[in-house]
Amino acid sequence: MIENLPPYAGVVAIAVAALAALAVLLVVVAVQGMRRRDREAAARQMIELSRLQAETSVRIEGMRDLLAGRQAELHRAVNERLDSVSHHLNQSMTNSRQHTVESLQKLNERLVLIDNAQKNITELASQVTSLQGVLSNKQQRGAFGQGRMEFIVQDALPKECYEFQCTLSNRSRPDCAVFLPDGRPLVIDAKFPLEAVTAFRDADSEEGRKVAAVRLRQDMARHVGDIAGKYLIPGETQDLALMFVPSESIYAELHESFDDIVQKAFRAKVVIVSPSLLMLAITVIQQIRRDARMRDAADKIHAEVGHLMDDVARLNERVVNLQKHFGQANEDVRQILISAEKVERRAGRIREVEFDEGNALPAPDAVVIPAPLPRRRQAGE
């Protein structure tokens with residue numbers, strides 16, 4: 001069959017074989033090149049890995065140092081913060097302890113004050129109890145009202161202006177008599193019927209209040225009648241008398257609930273007064289007595305005013321004379337100043353050797369005093 005092939009078939013076969021061998025060679029070279037490249041790449045990778053490992057180690061060392069520094073800073077900051085917190089906590093506890101001690105001291109002082117106040121309240125309660133006992137007894141209540149009235153009168157008036165328990169012409173003895181400028185006394189009664197007022201206040205029912213009100217009106221009318229009958233003596237005492245109520249609350253309750261009693265007493269010329277109104281009445285009496293003294297001393301005041309006017313007239317005359325003397329003195333001073341000015345001008349002309357023509361030569365009758373001649377100096381002088 002080979003023999004049947006054309007002549008160039010051998011060449012082709014050889015060429016194919018050569019190509020096949022070349023291909024195999026190329027494959028082998030390629031495989032070896034690939035292996036070489038793989039080895040080089042692996043070597044490069046190993047080098048790169050070594051470099052990366054070294055860099056990583058350096059970075060790890062740097063990070064470890066950084067972390068160590070940060071840990072040290074964190075430890076220092078935490079210690080500083082703990083120290084600051086401890087200092088503030090100690091200071092706060094010290095301040096709190098100091099404030100607590102001060103508060104306890106103040107509390108103790110307050111407790112002492114409260115104890116003292118409690119003692120005062122206890123004493124006041126005992127005094128109120130004793131006062132209630134005093135007011136429950138007629139004689140003691142009268143002494144209590146008498147004492148308050150006497151204290152008000154004695155505190156405001158001189159001794160010669162009042163008298164306690166004085167005797168009138170009808171043998172009655174008022175609690176106090178205040179003497180006015182006309183000589184007639186103003187009578188003050190301090191015995192107030194308190195039982196009816198107490199019963200009216202303590203009544204717990206409407207019927208009881210009505211009964212107590214009726215009793216209060218009767219007692220007040222009786223007492224007003226007694227004052228008007230005993231102490232209002234025409235020509236001897238004043239036309240009004242005062243009924244002293246030693247309590248402002250009772251006085252206010254009378255005016256609020258029993259205005260008819262107050263009006264009835266006023267028509268009977270008996271004025272109901274509380275402690276404040278009695279002080280006001282005493283003040284008015286003081287002013288009345290002062291006005292009376294002023295009227296009594298009006299003639300003396302008029303004479304003294306006349307003397308004062310005479311003194312003022314003499315003072316005015318002496319002031320006018322003094323003014324004249326001052327005017328004359330001013331004129332003398334003005335003349336002296338004129339003479340001094342002329343002397344000063346003449347002295348200036350003498351200093352500058354400036355004379356007027358009329359004064360160039362001395363007057364014929366003038367005596368000229370020769371100037372002293374200079375002495376000759378001797379040798380050695």
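## Salt bridges

The structure holds 11 salt bridges. A salt bridge here is a side-chain nitrogen of Lys or Arg within 4 Å of a carboxyl oxygen of Asp or Glu. This is a predicted model: local features need pLDDT of at least 70, side-chain atom pairs count only at pLDDT 80 or more, and totals for chains, interfaces and linings use all residues. Residues are numbered from 1 along each chain as its sequence is written, and side-chain values use heavy atoms, with hydrogens and water left out.

Take Glu61 and Arg64. They form a salt bridge, with the closest N and O atoms 1.9 Å apart. Both residues lie in helix α1, 3 residues apart, about one turn of the helix. Helices are DSSP runs of H or I with at least four residues, strands are runs of E with at least two, and both are numbered from the N terminus. Glu61 is partly exposed at 34% relative accessible area. Arg64 is also partly exposed, at 49%. The classes are set by relative accessible area: buried is under 20%, exposed is over 50%, and partly exposed lies in between (1.4 Å probe, protein chains only).

Asp219 and Arg222 meet through their side chains in a salt bridge of 3.0 Å, N to O. They sit 3 residues apart in helix α4 (residues 206-231), so about one helical turn separates them. Which side of the buried cut-off does Asp219 fall on? Asp219 is buried, because its relative accessible area is 15%. Arg222 is partly exposed at 48%.

Helix α8 (residues 298-351) holds Asp311 and Arg314, 3 residues apart, about one turn of the helix. Their side chains form a salt bridge of 2.2 Å, N to O. Asp311 is partly exposed, with a relative accessible area of 40%. Arg314 counts as partly exposed at 40% relative accessibility. Salt bridges with shared partners also join Glu48, Arg51 and Glu55 into one network.

## Fold outline

The protein has 8 helices and 5 strands. From the N terminus on, the elements run α-α-β-β-β-α-α-β-α-α-β-α-α. Of its 381 residues, 19% count as buried.

## Surface patches

Patches are made of residues with over 30% relative accessible area and no salt bridge; like charges are joined within 9 Å, and nonpolar side chains (Val, Leu, Ile, Met, Phe, Trp, Tyr) within 5 Å. Lys and Arg count as positive and Asp and Glu as negative, while His and the chain ends are not counted. A charge is placed at NZ of Lys, CZ of Arg, CG of Asp or CD of Glu.

Arg35, Arg36, Arg37 and Arg39 form a positive surface patch. Arg35 is found in helix α1 (residues 9-136). Arg35 counts as exposed, because its relative accessibility is 52%.

A nonpolar surface patch is built from Leu19, Leu22, Leu25, Leu26 and Val29, with about 480 Å² of accessible area together. Accessible areas come from the Shrake-Rupley method with a 1.4 Å probe; for residues, only the protein chains shown count as cover. Leu22 is placed in helix α1. At 43% relative accessibility, Leu22 is partly exposed.

## Aromatic pair

Rings of Phe, Tyr and Trp (its six-membered ring) pair if their centres lie within 6.5 Å; planes under 30 degrees apart are stacked, over 60 edge-to-face, and the rest tilted. The count is 1 aromatic pair. Tyr162 and Phe164 form a tilted pair, 5.2 Å centre to centre with 50° between the planes. Tyr162 is buried, at 12% relative accessible area.
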